[in-house]
Amino acid sequence: MTSLVVFLLLAGLAWYLSDLKPSTPKPPSGSADLSALKIAPEGKMAGYSRDRFPHWSSQGNNCDTREIVLQRQGTDVKSDKSCKATSGKWTSPYDDVVITDGGDVDIDHTVPLAEAWRSGADKWTDDERSKFANDLGGIQLIATSAASNRSKGDQDPAKWKPPVKGYWCTYATHWVQVKVTYQLTADQAEHDALATMLASC
């Protein structure tokens, strides 16, 4: 009798635990968003200028967008009265380079300004472009090494990927989220490169 009770209890527990398991595996983070990207041929650069994306806007207390990013993404960051970072440590996620001088840190736009222009931002107002260029939401502005930022330039993921493959999932996820949020398009090669990167999630 006792063994029957134990058997029934174990059977019930096994059923309960199996019921907790998802019926299908969860897709990699960001992959669902990839389907929300509108695919379209890349636009032209006619009329583009970085001045059309006013950036490093004032954020109050003598701070501009750049200094806010340095404060948020660094470790033990100390700033002077003019909000300039005087010390701290920043690790560039693209290439794992550690930087200890804020002046040597570049602030990269995950989706570069010129890439945004070619993807639909050419039809925005300058105010809309300024909001994009100063987006402090946490995924569009990234503190990086100057070498990695300049190596990337205005290239999309079909032409440039972070040297650190362990960052591919995050980079592609952020790229997709920015483009979907701002209703920017992606060309087919860019879409396919993002799919490859998201497969690492």
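The model is predicted, so to speak of local features I need pLDDT of at least 70, and side-chain atom pairs count only at pLDDT 80 or more, while totals for chains, interfaces and linings use all residues. Residues are numbered from 1 along each chain as its sequence is written, and side-chain values use heavy atoms, with hydrogens and water left out.

First, the pocket. On a 1 Å grid over the protein atoms alone, a pocket is an open set of points with protein on both sides within 12 Å along at least five of seven lines, a cavity is a set where a 1.4 Å probe fits but cannot get out, and lining residues have an atom within 4 Å of a point. Volume is the space filled by probe spheres set on the points, which are joined across faces, edges and corners.

The largest pocket has a volume of about 230 Å³. It is lined by 14 residues, and the closest to its centre are Arg50, Asp108, His109, Asn149 and Gly153. Strand 6 (105-109), helix 4 (113-118) and helix 6 (146-152) each give two or more residues to this lining. Helices (H or I, at least four residues) and strands (E, at least two) are DSSP runs, numbered from the N terminus.

Next, the cavity. There is 1 cavity of 30 Å³ or more, and its lining includes Ala40, Glu115 and Lys179.

Last, the hairpin. Strand 3 (residues 75-79) and strand 4 (residues 85-91) pair in the antiparallel sense over 3 bridges; pairing requires at least two DSSP bridges. Thr75 stands opposite Lys89. Between the strands are 5 residues, and Cys83 takes a positive phi near 80°.
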